[in-house]
Amino acid sequence: MRNTPILTIVVPCYNEQDVLPITAPLFGQKLADLAARGKIDPASRVLFVNDGSRDQTWEIICALAQQSPRYTGISQSRNRGHQNAVLAGLMEAKDSCDITISIDCDGQDDLNAMDEMVDAYLDGCEVVYGVRSKRDRDSFFKRFTAESFYRLLNWMGAEVVFNHADYRLLSSRVLQELAKFEEVNIFLRGMVPLVGFKSTSVYYERAERIAGKSHYPLRKMLALAFDGITSLSVKPMHMISALGVLIALISFVGIVWAAVEALLGSTVVGWASIVCIVCFMGGIQLLCLGVIGEYIGKIYLETKRRPRYIISDRTPAPESDAEE
């Protein structure tokens with residue numbers, strides 16, 4: 001491990017034309033500050049990943065790359081989602097740097113936390129998680145749903161760091177091992193802890209979005225949670241099995257009760273009770289089939305082995321690199 005590691009800041013971008021011109025100089029300045037203090041190599045870069053944006057995001061990235069060799073960019077052939085965009089950036093950078101820090105483009109994550117991340121790496125940590133210290137600025141609903149999201153994931157067996165999103169430092173050693181994970185269904189918050197290696201957390205306060213609007217409403221957050229659970233845990237299947245056993249026991253008791261009532265001659269034809277039982281059992285069966293179907297769908301996607309991302313464009317290499 002060299003004294004001054006080469007750092008690549010990986011920034012996924014989707015329709016960020018409003019905020020990118022504001023945050024890009026901040027990323028560049030942070031690299032300059034870290035290099036000036038001898039914490040990272042001057043050859044460090046910012047890598048923007050355009051996730052199939054429909055606005056001027058890619059054009060802005062290309063303009064930034066022309067202005068300074070500090071900025072580089074890749075563009076996916078179409079929108080493939082935040083997790084795939086982050087993975088594309090990490091895999092693009094893994095062979096040309098010593099460490100990466102992935103961070104969103106919106107300016108909410110505290111850039112100063114990068115100083116502590118790099119320090120932790122120099123002290124021997126291979127993974128450093130950026131963790132929100134508090135959620136005072138969030139509404140009650142946002143705070144409740146976000147914290148419930150992490151608790152649900154952990155309860156379901158998906159190992160995640162509480163209040164950690166995708167702001168993290170990974171060493172090249174971790175990236176090389178992460179590249180061996182070949183699943184199509186990506187959930188990096190749960191995959192990175194599975195890689196292992198020495199890790200720690202850095203705590204910071206998250207600010208409001210600088211410009212533009214959030215791309216993660218409640219609907220997408222719920223979809224991400226369900227993706228994480230079904231990608232990393234089979235606990236829902238175990239719950240279905242337990243529910244099946246419970247209903248079978250209740251049904252057995254019901255059968256015994258019905259037989260006893262029939263023998264005593266006190267049975268009465270009950271339309272309402274039959275309808276309630278049929279509706280209840282039908283609902284449970286459909287719910288269970290739906291969960292099983294989700295797993296079968298993921299198996300189907302995995303067996304097709306489709307690429308997780310396709311890079312259609314890259315910004316030109318810096319002149320110094322091209323001459324070499």
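Is Glu 126 buried or exposed? Glu 126 counts as buried, at 14% relative accessibility. The model discussed here is predicted. Its protein chain has 11 helices and 8 strands, and buried residues make up 44% of its 324 residues.

**Overall architecture**

- Among contacts in the protein chain with a separation of 6 or more, 83% are between residues 24 or more positions apart.
- The protein chain exposes about 17,100 Å², and carbon and sulfur atoms supply 59% of that area.

**Salt bridges**

- Side chains of opposite charge can pair when their charged atoms come close.
- The whole structure contains 9 salt bridges.
- Whereas Glu 126 is buried, Arg 173 is partly exposed, with a relative accessible area of 49%.
- Glu 92 and Arg 314 also meet through their side chains in a salt bridge, at 2.8 Å from N to O. Here too the pair links distant parts of the chain, with Glu 92 in helix 3 (residues 82–93) and Arg 314 in strand 8 (residues 311–314), 222 residues apart.
- Glu 92 counts as partly exposed, at 29% relative accessibility.
- Lys 94 forms a salt bridge with Asp 95, and the closest N and O atoms of the two are 3.2 Å apart. In this pair Lys 94 counts as buried at 16% relative accessibility, while Asp 95 counts as exposed at 61%.
- A network of salt bridges links Lys 30, Arg 37 and Asp 115.

**Ser 102**

- Ser 102 lies in strand 4 (residues 99–102) and is buried, with a relative accessible area of 1%.
- The side chain of Ser 102 reaches the backbone oxygen of Asp 166 at 2.6 Å.
- Leaving aside residues up to four places away in sequence, Ser 102 touches Val 10, Val 86, Asp 166, Tyr 167 and Arg 168.

**Cysteines**

- A disulfide is a covalent bond between the sulfur atoms of two cysteines. The structure holds 0 disulfides.
- For Cys 105, the closest cysteine sulfur belongs to Cys 13 and is 4.0 Å away, so the two are too far apart for a bond.
- Cys 105 is buried, with a relative accessible area of 2%.
- Cys 62 is partly exposed, and its relative accessible area is 22%.

**Nonpolar surface patch**

- Leu 152, Trp 155 and Met 239 form a nonpolar patch on the surface, and together they have about 290 Å² of accessible area.
- Leu 152 sits in helix 5 (residues 140–155) and is partly exposed, at a relative accessible area of 34%.

**Backbone with positive phi**

- Asn 15 has a phi near 50°, a positive value in a residue other than glycine. Asn 15 is in the loop between strand 1 (7–13) and helix 1 (20–36).
- Phe 197, another residue other than glycine, has a positive phi near 75°. Its place is in the loop between helix 7 (188–195) and strand 7 (199–204), and Phe 197 is partly exposed, with a relative accessible area of 32%.

Note on methods
Residues are numbered from 1 along each chain as its sequence is written. This is a predicted model: local features need pLDDT of at least 70, side-chain atom pairs count only at pLDDT 80 or more; totals for chains, interfaces and linings use all residues. Side-chain values use heavy atoms; hydrogens and water are left out. Helices (H or I, at least four residues) and strands (E, at least two) are DSSP runs, numbered from the N terminus. Buried means under 20% relative accessible area, exposed over 50%, partly exposed in between (1.4 Å probe, protein chains only). A polar contact is a pair of N or O atoms within 3.5 Å; within protein, one must be able to donate a hydrogen and the other to accept it, and residues adjacent in sequence count only if both atoms are side-chain atoms. Contact means heavy atoms within 4.5 Å. Patches are made of residues with over 30% relative accessible area and no salt bridge: like charges are joined within 9 Å, nonpolar side chains (Val, Leu, Ile, Met, Phe, Trp, Tyr) within 5 Å. Accessible areas come from the Shrake-Rupley method with a 1.4 Å probe; for residues, only the protein chains shown count as cover. A salt bridge is a side-chain nitrogen of Lys or Arg within 4 Å of a carboxyl oxygen of Asp or Glu. A disulfide is a pair of cysteine sulfur atoms within 2.5 Å.
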